[in-house]
Amino acid sequence: MSKSGDKAEAGDLVEIVDDGDDAAVPAGLASWRVLIVDDEREVHSATLFALKGLIVAGRPLAFLHAYSAAEARGIMGSTPDVAVVLLDVVMEKGDAGLQLVRTIRDEFGCVDTRIILRTGQPGYAPELDVIRDYDINDYKTKSELTRTRLVTSLTTAIRSYEQIRMVLESERGMDGIVRSAPSLHAQHDLKGFAKAALQQVVMLLGTPAHGVFCARREAGGETNDEPPYFVAAAWGCYAGETDRDIDAVRNPELIEMLARCRRPGGQLLESNALSLCLGEGDSRALLHVRVDRPLNDLQRRLVDVLAVSIAVGLENVVLFRQLRSYAYFEPLCHLPNRANFISQIDLRLQRGETDWTASVVDIDHFSDINAALGHQTGDQLLKAVARRLRDGLQDEVVLARVSGGTFGLLGRDGALDPEQVIALFAQPFVVDGQSLMIQPCLGLEKLSEAEGTGADVFKNANIALSRARVDRRDRWQYFTRDMQVATQQRLGLLHDLRHAAEAKRGLSLHYQPQVDIAQGLVTGAEALMRWTNDRGESVPPYRFIPVAEYSHLIIELGEWVLCSACGQLREWDRAGLDGLRMSVNVSPAQFRDPGFVDMARRCILDSGIDPARIELEVTESMALTETESVVATLHKMRQFGVSIAVDDFGSGFSSLGHLLQLPLNRLKIDRVFVSDLAAGSSGSTIAEMIVKLGKMLGLSVIAEGVETSEQLDALREMGCQEIQGFYFSPPVPAGEFAALLKKKLYR
Ligand code: C2E
Ligand code: MG
Ligand code: MG
């Protein structure tokens, strides 16, 4: 650096700007740096004198002094933004000046600094190619440098320096924008993008900056309002505002700036701040950057270009966010969808968080509600259920909608009590002014017991759900391994059964006699389905009937049973076994089928059998829980002439009031209560109560599952009219039935 004495010598002419901070000032904001390199002190002072008070392009000069090439080298190596070097060619050596030029250009890479060579003797003039290769601005003998010439020469050099700087900076800025574009556009996450964009702006301005990037929150939920802006990224003094909605921003000056830039036109360029409103609609963003010094024209232009690049990138991000939203959220309640729910389970599993439980909650008969009340009401109901679940469960519990009327819950073991979830449905849901009472069923699996992935857990919860639907006592079930085995077997079984139903292969009916106790005579038969699969195994009804019901295959099978049973009755009539009654089991799924009544009429009429000889056995639970349409179907069948029996009676304990509404003919005492009838047992048994109830209601009573003479005796004493059971005969193939008509009940 120059010696202190030289500074003093330069006196009031020289103001060497030497503060470190200045290094950060964009080119030429303060003064033009001019380095005088000469081993003759007089040249320094003469130069200062000649250039005293000179202002170029509105800015003064700041001088740096070096008295040798070595000293100049030191200054050039440590001082940025030197606009012009006034360089003596001959110093320590004859070519010391030219050596220095090489160092400046090649070693320091200063391509913008302008160099004016000065020499005492014309003979030391450099070769022309040196002037060209090292981009030397001017070459003058010292004697030529009169004040006017020096001023002209320096002014030209500074102007040219300024232009080169502009070009270089603009190139660098554009280069930065172009280079940053791919990384900016590769960001798919809004916050990451906002951070990257803000960083680009700050880098471009190259000054200590403070800024925010505000974008719209993701649309969602039930409102159609425009989503609010929030601070997606913040820099410098605004860093504490990150993630706040802009209404909640605490910095008053920032609030003011953002409000201004939200107005139409929204671009503000102030001396030391830049506020931009970018993009349109959902991909609109507000960008505000405050800098410590005024921005120059070039910076402003570059920011404009960068802003376009950011707007395009933001549109991509928002588009990506929307796509992700479609992929991971369902549109009605804006809840996580099935894929999302499964990945949430996966996440817990990966983190080893096994104190969580996954559950699926299904609304009973949701599709019926939808069909009966219309989709709009169905939608409203789903939203109401979503709200009820959300409000009733801890915030931490993940609520998802995994299919039409089924929700997913994922919560810590303690936070997901199935009874509590069911209790949330105790009050009716008011939808479109109607009060709807709905019931849920839950299937659950604890992650501590889970094997496999989130998809497996989800599948298992659904298996447990279908169990809960069938076995309705508790309305919820936790998954167990047995269920899985059973499910797999059921699937295989369903596959086989479907083939059997299509080809009517392996299916047959057995007939179990029903015997009048008083006369000891066979009065009728119950048709019971039998199935032998392709591997020759006979599959018991308790295994295949539930699968057929669940899959609705029972509708097809049931038609075949009824028609075959009617056909069999006619054959027996022809063979002289006339007058028998035929009981046929009918599942709830068949009853719900709108084609049932027509089908049953056709089967019976086609066979030419008097409908009064056909009895349909319905289960007590169906008679108890089913809707008006089922009651109406029962009435239609009764009007047609068939009789109706309630199968397995006693296990469900129908209310008397309800029973009275149903057009019934017979009660069939459940086998369980018959087996309770031990020899000589006295007192009031359930079987006895059912017999009394039958008398009261004017219905006949038949007991099923009678296996012993003691049971028969007890039933006779009670006044039960008929029995069915192994005691008299197990179900037999049609061909063996004739022999049973000759058999006596009392031996
Ligand atoms: P269910 O209608 O209550 O039929 C009576 C069941 O009790 C028959 O079982 C019969 O074999 C059995 N059983 C008869 N006497 C005795 C006895 O003394 N002791 C014992 N332990 N059991 C006796 P199966 O044939 O296995 O049928 C079981 C259930 O499958 C039936 O119960 C019925 O609900 C259903 N099912 C059978 N065939 C059909 C059908 O064609 N359609 C429909 N929907 N369901 C059917
Ligand atoms: Mg039955
Ligand atoms: Mg039964």
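This text walks through the model, from its confidence scores to the surroundings of its ligand.

The structure is a predicted model. The chain averages a pLDDT of 85. At least 70 is the score for 90% of the residues. One stretch stands apart: over residues 1–28, pLDDT stays under 50. The model still gives this stretch 51 contacts beyond four places in sequence. Where pLDDT is low, the predicted coordinates should not be read in detail.

Now turn to ligand 1. Which residues come nearest to it? They are Asn585, Asp647, Arg671, Glu707 and Phe726, out of 22 residues around the ligand.

Look next at single atoms. Asp647, already named among the nearest residues, has a polar side-chain atom 2.8 Å from an oxygen atom of ligand 1. Gln512 reaches a nitrogen atom of the ligand instead, with a polar side-chain atom at 2.9 Å. Glu704 also takes part: an N or O atom in its side chain is 3.2 Å from an oxygen atom of ligand 1.

How much of the ligand does the protein bury? Taken alone, ligand 1 exposes 790 Å², and the protein buries 83% of that.

Finally, see which elements build the shell. Strand 20 (521–532), helix 16 (541–550) and strand 24 (643–649) each give two or more residues to it. Strand 20 gives the most, with four residues.

Notes: Residues are numbered from 1 along each chain as its sequence is written. Chains are lettered from A and ligands numbered from 1 in the order in which they are written. This is a predicted model: local features need pLDDT of at least 70, side-chain atom pairs count only at pLDDT 80 or more; totals for chains, interfaces and linings use all residues. Side-chain values use heavy atoms; hydrogens and water are left out. pLDDT is the predictor's confidence in each residue, from 0 to 100. Contact means heavy atoms within 4.5 Å. A residue is near a molecule or strand if one of its heavy atoms lies within 4 Å of it. A polar contact is a pair of N or O atoms within 3.5 Å; within protein, one must be able to donate a hydrogen and the other to accept it, and residues adjacent in sequence count only if both atoms are side-chain atoms. Accessible areas come from the Shrake-Rupley method with a 1.4 Å probe; for residues, only the protein chains shown count as cover.
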